[in-house]
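Please look over this model with me. My notes follow as numbered points, and each one takes up a single topic.

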Amino acid sequence: MQAGTIRAAGCIGKRSDIMLRTQLPLNIRLRDTATFDNFYLGQNHLVTTYLKTEPNRRVYLWGQSGTGKSHVLQAACHQANLLGNTTVYVPLKQQGLGPDILEGLETINLVCIDDIDAIAGQSAWEEALFHFYNKTQQQFLIAGNSIPDGLDLKLPDLISRLNACVRFQLVALNDDEKRSALQQRAKARGLILSKEVGDFLLHHYSRDMPTLFTMLERLDQASLVAKRKLTIPFIKTVL
């Protein structure tokens with residue numbers, strides 16, 4: 001870690017005048033690849049443009065699994081860090097987290113809370129999120145798999161607060177966009193991924209983007225070791 005920085009919730013931001021009272025016991029780190037530059041937009045131009053240009057807003061993101069919600073939240077943290085702001089990324093589906101993790105985070109410039117659907121129906125968590133929402137005056141991003149009214153939340157006041165956020169739906173990529181996203185990620189790694197290879201991956205393996213990107217990382221490592229290009233026969237031997 002560089003001098004003059006602090007770590008909270010695995011997100012690294014520059015030191016503020018107020019020392020954090022709470023440090024997370026888990027090492028939750030931002031993915032280096034989770035940036036806005038590395039996010040294939042598809043039909044999601046509006047949300048990324050808004051997050052880049054509208055600071056100090058309360059934003060609720062929703063969409064089905066694999067649409068890039070976690071990527072966007074972490075990208076927002078990366079961007080805020082570059083601007084010298086403190087950030088916290090809290091994935092609620094991470095085991096071992098309790099509601100007390102939110103204590104003191106209202107002093108952070110940007111708080112990103114992922115997977116709110118993971119704690120829906122848990123009264124202690126819902127109360128903690130409601131009170132945190134009321135206390136923080138900073139930028140606050142939260143993501144779930146549906147609109148607030150579609151979650152299994154039991155606290156009406158929390159649902160009301162989430163509905164008051166600026167809301168964006170992340171739209172899943174179609175097959176052409178998924179192939180282009182794979183090609184973009186491959187190019188960033190110094191790989192050439194042809195249309196035929198991209199179609200082969202889409203038609204023979206899992207079609208959700210996190211799994212596809214994980215496969216691409218595996219293929220990248222294998223191609224370096226074998227000194228082979230990404231061809232369909234080579235992919236078959238690896239996967």
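1. T33 sits in the loop between strand 2 (11–14) and helix 1 (45–53). Helices (H or I, at least four residues) and strands (E, at least two) are DSSP runs, numbered from the N terminus. T33 counts as partly exposed because its relative accessibility is 28%. Buried means under 20% relative accessible area, exposed means over 50%, and partly exposed lies in between (1.4 Å probe, protein chains only). Leaving aside residues up to four places away in sequence, T33 touches N38, H71 and R185. Contact here means heavy atoms within 4.5 Å. The C-alpha atoms of T33 and Q74 are separated by 9.3 Å, with the two residues 41 apart along the chain.

2. **How to read the model.** This is a predicted model: local features need pLDDT of at least 70, side-chain atom pairs count only at pLDDT 80 or more, and totals for chains, interfaces and linings use all residues. Residues are numbered from 1 along each chain as its sequence is written, and side-chain values use heavy atoms, with hydrogens and water left out.

3. **The whole chain.** The protein chain has eight helices and seven strands. Of its 239 residues, 49% count as buried. Take the contacts in the chain with a separation of 6 or more: residues 24 or more positions apart account for 68% of them.

4. **Helix 5, its length and ends.** What span should helix 5 (residues 175–188) have? At 1.5 Å a residue, its 14 residues should span 20 Å, and the end C-alpha atoms are 20 Å apart, which agrees. The expected span is 1.5 Å times one less than the number of residues. At the start of the helix, a side-chain oxygen of N174 comes to within 3.1 Å of the backbone nitrogen of D176. After the helix comes G190, with a positive phi near 80°.

5. **What helix 5 hides.** E177, K178, R179, A181, L182, R185 and A186 are buried in helix 5. Their cover includes helix 2 (69–82), helix 6 (195–204) and helix 7 (209–226).

6. The structure holds seven salt bridges. A salt bridge is a side-chain nitrogen of Lys or Arg within 4 Å of a carboxyl oxygen of Asp or Glu. D176 and R179 form one of them (3.3 Å, N to O). Both lie in helix 5, three residues apart, about one turn of the helix. An α-helix has 3.6 residues a turn, so residues three or four places apart point the same way. D176 is partly exposed, at 47% relative accessibility. R179 is buried, at 11%.

7. K195 is partly exposed, with a relative accessible area of 46%, whereas D199 is buried, with 16%. Salt bridges that share partners join D176, R179, K195 and D199 into one network.

8. **A longer link.** Which residue pairs with R189 in a salt bridge? The partner is E217 (3.6 Å, N to O). R189 lies in the loop between helix 5 and helix 6 and E217 in helix 7, so the pair ties together parts 28 residues apart in sequence. R189 is partly exposed, at 30% relative accessibility. E217 is partly exposed too, at 36%.

Methods: A polar contact is a pair of N or O atoms within 3.5 Å; within protein, one must be able to donate a hydrogen and the other to accept it, and residues adjacent in sequence count only if both atoms are side-chain atoms.
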